[in-house]
Amino acid sequence: MRFARFVVLGFALALLAACQTNDLKEPPPPLGDFVLGLNIAVADNVQKVPISRDADPKDWEASVKKAVAARFGRYDGNRIYNIGISIDAYALAPPGIPLVVSPKSILVVTANIWDDATGVKLNPEGKQMTIFEGASPDTVIGSGLTQNKQKQMETLSYNAAKSVENWLVENPQWFNLPPLHGAKATAADKAAVAAIVAAGAKKSGSKAKPAAAPAAAAAPAPVAAPVPEKPATAVLPKAAGTSSSIGATVP
């Protein structure tokens, strides 16, 4: 009986592990006109939790950039967006006592996204996310016992990129898609859209023209007074013995 329980538990954990990475082989969730431009990861000010393995900041940057490229490289829209991720803090679980003291690995990142054509940042404030390892056969008893730090970083980076994707999917209006059903555009969303439009108009050199004032009704043209006709001039027949005609005015 006990053996059967272990078999079922092992099968369930194997399924969890498969689900964790297989989604990259599936069609990505819709992001409108999105295509990845700059892929930036910065770990200059990263902080390590005291109970943690050491990791080089450059290794963190490379790991996160690789995960972002793998996830967002699947999109082939016609408008470029730049993603920037700051790696704020981490804890890579060291070996512990299984099921008793098994520290978990954690990563804290802050994400931002820009419209490349206009240079406008779409989110007014950075989106900070706390990333966990997730459930898998390697993390149930503590990843410090079953994984080296490179594998731990790879798992956390994968989950971080997934979290960023979920965040973008929650804001479809940034990518020329209608808001989610039942959701309303916030004041920040409207400001971001207005900034994009304004920046685009400025970049192209076009200026909005004020609406023309309605034309005033034309005043009726004054009616000219009738001009009196000149009296007709009668020409008298030439008298005998004269050399020219004499014009006389008829009263």
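Is Tyr-81 to be counted as buried or exposed, and at what relative accessibility? At 1% relative accessibility, Tyr-81 counts as buried, a residue being termed buried under 20% relative accessible area, exposed over 50% and partly exposed in between (1.4 Å probe, protein chains only). The model is predicted, so that local features need pLDDT of at least 70 and side-chain atom pairs count only at pLDDT 80 or more, whereas totals for chains, interfaces and linings use all residues. Residues are numbered from 1 along each chain as its sequence is written, and side-chain values use heavy atoms, with hydrogens and water left out.

A search of the whole structure finds nine aromatic pairs, where rings of Phe, Tyr and Trp (its six-membered ring) pair if their centres lie within 6.5 Å, and planes under 30 degrees apart count as stacked, over 60 as edge-to-face and the rest as tilted. One of these is the edge-to-face pair of Phe-34 and Tyr-75, with 5.5 Å from centre to centre and 80° between the planes. This pair links distant parts of the chain, since Phe-34 belongs to strand 1 (residues 34-42) and Tyr-75 to the loop between helix 2 (57-72) and strand 3 (79-91), 41 residues apart; helices (H or I, at least four residues) and strands (E, at least two) are DSSP runs, numbered from the N terminus. Both Phe-34 and Tyr-75 are buried.

The rings of Tyr-81 and Phe-175 have centres 5.0 Å apart and planes at 75°, and the pair is therefore edge-to-face. Because Tyr-81 lies in strand 3 and Phe-175 in the loop between helix 4 and helix 5, the pair ties together parts that are 94 residues apart in sequence. Phe-175, at 0% relative accessibility, counts as buried. Phe-34, Phe-72, Tyr-75, Tyr-81, Trp-167, Trp-174 and Phe-175 form one aromatic cluster.

Asn-176 is found in the loop between helix 4 and helix 5 (187-204), and is exposed, with a relative accessible area of 61%. Its phi is near 60°, a positive value in a residue other than glycine. Most residues other than glycine have a negative phi.

Within helix 4 (residues 149-169) lies Gln-152, which is buried, with a relative accessible area of 0%. The side chain of Gln-152 reaches the backbone oxygen of Ala-93 at 3.0 Å. The C-alpha atoms of Gln-152 and Ser-105, 47 residues apart along the chain, are separated by 7.2 Å.

Technical notes
Polar contact = N/O pair within 3.5 Å; in protein donor to acceptor, adjacent residues only side chain to side chain.
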